[in-house]
Amino acid sequence: MPASRKKAKGKARKAAKAQKKEKEVEKATGVGQQEDSFEAQMVRLQIETLSLSGCNNNDNGLCLHGFNIPKESSLVYFIQTFLAEYNAAIDAVRNMEMSFEIAQAATMDKYSDVWDNIDSLEWVKSYFLSGATQRLLGGKQHKGACVDASFSNFLEQYVAVEIHKSQANINWMKVVELQNDADEHTLVSYVRKRIPCTCLNDKYKKVKSIRKVGMCCNPCCSHPGQKVERSSMLYCTQCRLSNYCSKECQVADWPMHKNACRAVAEFDSKQQS
């Protein structure tokens with residue numbers, strides 16, 4: 001067969017595959033029926049991004065890693081507003097904990113129906129988990145996956161503290177550890193446990209031999225980035241939440257840690273009584 005004909009057939013096959021994938025996206029989102037709605041545009045963008053790497057390991061073709069079409073447009077606007085407020089805050093104060101709190105306060109009144117509704121918060125969390133999963137599968141967006149995972153963790157802890165009342169307060173170090181360039185083992189393990197699909201199983205097998213790294217809770221820790229191998233870390237025996245690289249760092253941080261530590265211990269004691 002002439003080379004030109006083979007080339008033409010190859011292009012035809014690629015075009016057919018692209019058209020098939022496009023139809024799968026439209027079927028999954030229903031965008032053909034709601035082309036002009038804002039939430040449909042947002043969801044279509046998310047799904048088209050997911051489809052770029054061809055994550056088609058489920059029976060229905062396209063896997064969204066637990067992300068579903070939003071029932072209310074307010075959820076989409078909430079994500080946009082919250083992210084905008086967080087980004088403005090992080091640029092201004094350069095502090096992750098304060099930025100999350102500022103973004104939460106800025107959206108609390110307008111989106112109280114989201115903050116008070118566990119189903120809405122779970123949907124928002126699934127958005128970030130889905131994004132983190134796809135970034136990890138893409139292989140070149142580790143930092144973005146860290147950010148997505150940290151937002152998911154913040155929301156997860158918010159639900160535990162404010163709705164379920166099963167946790168005394170948000171453990172900010174966990175949020176910071178994820179966003180501050182978490183190692184691949186920690187990051188993949190965190191996301192994999194929280195998505196309903198098996199899309200990260202192969203990725204986990206590749207990274208599970210990597211030693212996990214944690215952050216010492218002493219802000220004056222001498223280790224670069226306060227990072228140290230997790231298996232060698234000490235933890236506070238009273239609250240069991242704060243980790244340290246050494247006894248010296250634990251002692252040095254006690255004046256800052258003691259109030260939160262005692263609050264957690266008192267909360268846990270009441271929960272058990």
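This is a predicted model: local features need pLDDT of at least 70, side-chain atom pairs count only at pLDDT 80 or more; totals for chains, interfaces and linings use all residues.
Where in α11 does a kink of about 70° lie? It lies at Trp254, shortly before the proline Pro255.

**Helix α11**
- Helix α11 comprises residues 247-272, and its end C-alpha atoms span only 29 Å.
- A straight helix of 26 residues would span 38 Å at 1.5 Å a residue.
- The kink of about 70° is placed at Trp254, and the buried residues of α11 include Asp253 and His257.
- Cys249, Gln250, Cys261 and Val264 are also among the buried residues of this helix.
- The cover over the buried residues of α11 includes the strands β3 (234-235) and β4 (243-244).

**Helix α3**
- Helix α3 has 21 residues and reaches 30 Å from its first C-alpha to its last, close to the 30 Å expected at 1.5 Å a residue.
- Its buried residues are Ser74, Leu75, Val76, Phe78, Ile79, Phe82, Tyr86, Ala89 and Ile90.
- Arg94 follows α3 and has a positive phi, near 55°.

**Packing of α3 with α6**
- Two packed helices are described by the distance between their axes and the angle between them.
- The axes of α3 (residues 73-93) and α6 (residues 118-138) come within 11 Å and cross at roughly 65°; the crossing is right-handed.
- From α3, Leu75, Phe78, Ile79 and Leu83 meet Ser120, Trp123, Val124, Tyr127 and Phe128 of α6.
- The residues of this contact divide into eight nonpolar, one polar and no charged.
- Leu75, Phe78 and Ile79 take part in the contact with α6 and are among the buried residues of α3.

Terms used: Residues are numbered from 1 along each chain as its sequence is written. Side-chain values use heavy atoms; hydrogens and water are left out. Helices (H or I, at least four residues) and strands (E, at least two) are DSSP runs, numbered from the N terminus. The expected span of a helix is 1.5 Å times one less than its number of residues. The bend at a residue is the angle between axes fitted to the seven residues ending there and the seven starting there. Buried means under 20% relative accessible area, exposed over 50%, partly exposed in between (1.4 Å probe, protein chains only). Contact means heavy atoms within 4.5 Å. Axes are lines fitted to C-alpha atoms, for helices over the stretch in contact, and angles run from 0 to 180 degrees between N-to-C directions. A crossing is left-handed if the near helix is turned anticlockwise from the far one by less than a right angle, and right-handed if clockwise. Ala, Val, Leu, Ile, Met, Phe, Trp, Tyr, Cys and Pro count as nonpolar, Asp, Glu, Lys and Arg as charged, and the others, Gly among them, as polar.
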